[in-house]
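Me: Please take a close look at the aromatic residues in the structure below. I would like to know how they are placed and what surrounds them.

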Amino acid sequence: MDAQFGEFQFAYSITEEIEDRIVFSNLKMGIPVRSSLREEAEGEYDQTYTGRVAAVFLQYKLPEYMIRSNAKEWEEMGEQEYYRFQIYPEDQSPQHNYLCTITEKDPRNKVFYCAPAFVKYSDYELLHGIRNVSEHSVFVNCGNLPKVEGNKKHNVCYQIYPQRVVTHLQTKELEIMQGWHRVLGEGNEHACYENVGEFVQTMWNCTEQSGSAFWKASEKEILRSIGLSCAERGIHLLLLRV
């Protein structure tokens with residue numbers, strides 16, 4: 001069973017739940033009638049905020065709901081219904097490997113696949129109405145996933161009652177979280193940037209464009225450039241107040 005709502009609807013609901021903490025976002029709020037990646041990347045930026053920020057990179061996924069006993073991972077998932085989304089092979093998209101690269105750039109970057117644990121529109125409508133979509137979604141930590149090679153397809157399978165995740169990609173225990181309170185909660189405060197400027201300089205220094213060019217562009221221009229680079233790959237960048 002496929003999701004009965006769209007990826008942008010899901011992304012909007014996830015973002016709306018922490019909108020009061022957004023310092024920068026490369027995803028325009030609201031559902032656009034006409035938009036370009038560049039417009040989305042310009043997004044919102046509160047230049048008056050000078051405090052610490054959490055850098056969150058999200059790749060949204062809409063899963064299949066697997067309900068038949070002949071599903072490929074049925075036994076591994078305890079012979080119970082589960083959700084599944086695909087990680088694109090390297091020869092189809094560089095997206096997954098780019099997410100892994102972001103985690104390698106700095107451990108303070110919080111990089112996740114984000115997927116709902118529901119597929120019915122009625123469930124989406126209910127959870128969106130009470131601003132509780134993130135609590136019924138999973139955030140899969142990309143820091144625990146290796147890069148992919150070639151044309152082999154990989155799936156991430158998960159349940160939340162009981163919580164279980166299966167993929168044949170990981171080389172260490174795969175971490176999943178539910179809700180923004182886990183992603184940004186107690187114990188994670190240290191894994192943040194001191195301010196937007198530190199984030200911008202760190203990310204810029206990790207690109208091929210590092211060097212004197214950094215000092216010729218404004219912080220806002222560089223942040224937009226980073227946001228556009230992510231948006232072109234379908235990745236939602238959020239800088240959030242801590």
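Reply: Tyr193 and Phe199 are both buried; the term means under 20% relative accessible area, with exposed being over 50% and partly exposed in between (1.4 Å probe, protein chains only). The model is predicted, so local features need pLDDT of at least 70 and side-chain atom pairs count only at pLDDT 80 or more, while totals for chains, interfaces and linings use all residues. Residues are numbered from 1 along each chain as its sequence is written, and side-chain values use heavy atoms, with hydrogens and water left out.

There are 13 aromatic pairs in the structure. Rings of Phe, Tyr and Trp (its six-membered ring) pair if their centres lie within 6.5 Å; planes under 30 degrees apart are stacked, over 60 edge-to-face, and the rest tilted. Tyr121 and Tyr124 form a tilted pair, because their ring centres are 5.8 Å apart and their planes meet at 45°. Both belong to helix α4 (residues 121-129), three residues apart, which is about one turn of the helix. Helices (H or I, at least four residues) and strands (E, at least two) are DSSP runs, numbered from the N terminus. Tyr121 is partly exposed at 32% relative accessible area, whereas Tyr124 is buried at 5%. For Tyr193 and Phe199, the centres are 5.3 Å apart and the planes lie at 80°, so this pair is edge-to-face.

Ring pairs also join Tyr65, Tyr83, Phe85, Tyr113 and Tyr158 into a cluster. Tyr113 is among the contacts of His96 (heavy atoms within 4.5 Å). His96 is located in helix α3 (residues 95-105) and is buried, with 1% relative accessibility.

Two tyrosines have a charge over the ring, meaning NZ of Lys or CZ of Arg within 6 Å of the ring centre and within 35 degrees of the ring normal. The charged end of Lys61 is 4.1 Å from the ring centre of Tyr88. Arg233 lies over the face of Tyr98, 4.0 Å from the ring centre.

Strand β3 (residues 53-60) has eight of its eight residues buried, so the strand is largely enclosed by the rest of the structure. Its Phe57 points one way, along with Val53, Ala55 and Gln59, and Tyr60 points the other way, with Ala54, Val56 and Leu58. β3 is joined to the antiparallel strand β11 (residues 236-241) by six bridges, and strands count as paired if DSSP finds at least two bridges between them.

Key:
Lists of a residue's contacts leave out its neighbours within four places in sequence.
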